Amino acid sequence: RRMDPNRFVLLTETDRPVGLTREQAGLYEAVVAETMDRIAGADGMARRGLVLALLTALKQICDHPALYAKEPDPVIPGRSGKLELLDELLDTILAEDGAALVFTQYVTMGRLLERHLRGRGTGVQFLHGGTPVPEREAMVERFQRGEAPVFLLSLRAAGTGLNLTRADHVVHYDRWWNPAVEEQATDRAYRIGQTRP
């Protein structure tokens, strides 16, 4: 919890551990085993590259197997513990007439989430680095007016410069390497004009 003395709004941060589905666990174990064998035979920069590739692959598997496998037309529900928790969180937030920002570092994951949420009938829009400036501004206005209660954002495209005080919840679907970048993104909702915790 932190409180900004200039705004008098309470910010509560909660980490939610999530279990892997059976599919995710199997992929995770297979990728670790295969990559560790390759790492054992490498050295120098090649070894470092393999370690970074392993970390990225594991993050993608934990997000959703379809992200890691680059599936063109995936079945989305029932395959990711994170997605199941996101559904639960959003159901609660929306039932209380709340609004949420959902950040992901992967544009492809954002597209999967957008497709999934639209399929559930959730009002959602997705801002990423390829969003033209006029559309970006229109999306912010729609969100602030309450027309779409869930705003998906790629972390790099939306980490700075936006005022999204309609949001009373911020979800980091996947973690960035640098916590300061996440804090900057969270601050899109935690701005002057925010009156709700």
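Modeller: A charge sits over a ring if NZ of Lys or CZ of Arg is within 6 Å of the ring centre and within 35 degrees of the ring normal. In this predicted model, local features need pLDDT of at least 70 and side-chain atom pairs pLDDT 80 or more, while totals for chains, interfaces and linings use all residues. Residues are numbered from 1 along each chain as its sequence is written, and side-chain values use heavy atoms, without hydrogens or water.

Colleague: Which ring does the charged end of K82 sit over?

Modeller: That of Y173; the charged end of K82 is 5.5 Å from the ring's centre.

Colleague: How many residues does the largest nonpolar core have?

Modeller: A nonpolar core is a set of buried Ala, Val, Leu, Ile, Met, Phe, Trp, Tyr and Cys residues joined through side-chain atoms within 4.5 Å. Buried means under 20% relative accessible area, exposed over 50%, and partly exposed in between, with a 1.4 Å probe and protein chains only. The largest core here has 20 residues, and L86, L90, V102, M109, L113, L152 and Y173 have the most contacts inside it. Two or more residues each come from helix 3 (65-69), helix 4 (81-95), strand 3, helix 5 (107-119), strand 4 and strand 5; helices (H or I, at least four residues) and strands (E, at least two) are DSSP runs numbered from the N terminus. Apart from this core lies another of 16 residues, among them V140, A157, L162 and A167.

Colleague: What is M109 in contact with, leaving aside its neighbours within four places in sequence?

Modeller: Contact means heavy atoms within 4.5 Å. On that basis M109 meets D63, H64, L67, T104 and Y173.

Colleague: Is strand 5 mostly covered or uncovered?

Modeller: Mostly covered: five of the five residues in strand 5 (residues 150-154) are buried. V150, L152 and S154 point one way, and F151 and L153 the other.

Colleague: How many bridges join strand 3 to strand 5?

Modeller: Two strands pair if DSSP finds at least two bridges between them. Strand 3 (residues 100-104) runs parallel to strand 5 and is joined to it by five bridges, with F103 partnered by L153. Strand 4 (residues 124-127) also pairs with strand 5 in the parallel sense, over four bridges, and there L127 has L153 as its bridge partner.

Colleague: Which residues of strand 4 are on each side?

Modeller: V124 and F126 are on one side, Q125 and L127 on the other, and all are buried. For L127 the relative accessible area is 0%, so this residue counts as buried. The C-alpha atoms of L127 and F151 are separated by 7.7 Å, although the two residues are 24 apart along the chain.

Colleague: Where does T131 lie?

Modeller: T131 is in the loop between strand 4 and helix 6. Its relative accessible area is 14%, so T131 is buried. Beyond residues up to four places away in sequence, T131 touches F126, R136 and M139.

Colleague: How many aromatic pairs does the structure hold?

Modeller: A pair of aromatic rings is described by the distance of the centres and the angle of the planes. Rings of Phe, Tyr and Trp (its six-membered ring) pair if their centres lie within 6.5 Å; planes under 30 degrees apart count as stacked, over 60 as edge-to-face and the rest as tilted. The structure holds one such pair. The centres of the F143 and F151 rings are 5.3 Å apart and the planes are at 45 degrees, so the pair is tilted. F143 and F151 are both buried.
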